Amino acid sequence: MLAELQPLRRTPAGVPVLNCVLAHESEQIEADRPRAVSVELQAVAVGELAGMLAAAAPGMRIRATGFMAAKSLRSRAPVMHLNKIEFLEGN
């Protein structure tokens with residue numbers, strides 16, 4: 001789910017960039033027992049995908065794929081770089 005969307009911005013080269021927060025909640029099995037799991041994760045979309053995501057609204061359910069990378073050289077906090085977004089029904 002899209003928990004938060006920041007305004008669309010552009011790099012100095014004019015490439016669109018959009019930062020957001022993704023929220024995940026599910027039940028997983030750990031040590032043969034169900035466990036409720038929830039997490040919020042910083043994410044970023046670049047290029048055409050950023051423009052597509054800019055039209056979304058917080059609370060929309062999505063399926064996202066991409067890769068994890070450090071936020072910057074100074075901040076090693078993880079950020080998911082989105083490669084694909086699928087808007088799910090029921091939004």
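pLDDT is the predictor's confidence in each residue, from 0 to 100. Keep that scale in mind, since the model on your screen is predicted.

**Stop 1: colour by confidence.** Apply a pLDDT colouring to the whole protein. The mean comes to 95, and 98% of the residues reach 70 or more. Now select residues 48–54, which form helix H1. Confidence is lowest here, with a mean of 95. Move to strand S4, and you have found the highest value, 98.

**Stop 2: the start of the chain.** Select residues 2–5, strand S1. S1 runs antiparallel to strand S3, and 3 bridges pair the two. Show Glu4 and look across to S3: Val21 stands opposite. Next, pick residues 9–10, which make up strand S2. S2 is also antiparallel to S3, joined to that strand by 2 bridges. Here Arg9 faces Val17 in S3.

What lies between S2 and S3? The two strands form a hairpin with 5 residues between them. Click on Gly14 in that turn, where phi is positive, at about 90 degrees.

Stop 3: Select 16–30 for S3 and 33–46 for S4. These strands pair in the antiparallel sense over 14 bridges. As an example of residues facing each other, show Ile29 with Pro34 in S4. S3 and S4 form a hairpin too, this time with 2 residues between them. In the turn, Ala31 has a positive phi of about 55 degrees.

**Stop 4: strand S6 and its partners.** Select residues 78–87, strand S6. In which sense does S6 pair with S4, parallel or antiparallel? The pairing is parallel, over 2 bridges. To see these strands side by side, show Ala43 and Met80, the latter in S6, standing opposite each other. S5 and S6 are antiparallel partners, with 9 bridges. Phe67 stands opposite His81 in S6.

**Stop 5: the largest pocket.** Finish by selecting Met1, Leu22, Ala23, His24, Val39, Leu41, Arg61, Ile62, Arg63, Ala64, Met80 and Leu88, which line the largest pocket. You have already met one of the lining residues, Met80, as the residue opposite Ala43.

Definitions and conventions
Residues numbered from 1 in each chain as written. Predicted model: local features only at pLDDT ≥ 70, side-chain atom pairs only at ≥ 80, totals over all residues. Heavy atoms only, no water. 1 Å grid on protein atoms, 1.4 Å probe; cavity = no way out; pocket = protein on both sides within 12 Å on 5 of 7 lines; lining within 4 Å. Helix = DSSP H or I, 4+ residues; strand = E, 2+ residues; numbered from the N terminus. Pairing = 2+ DSSP bridges.
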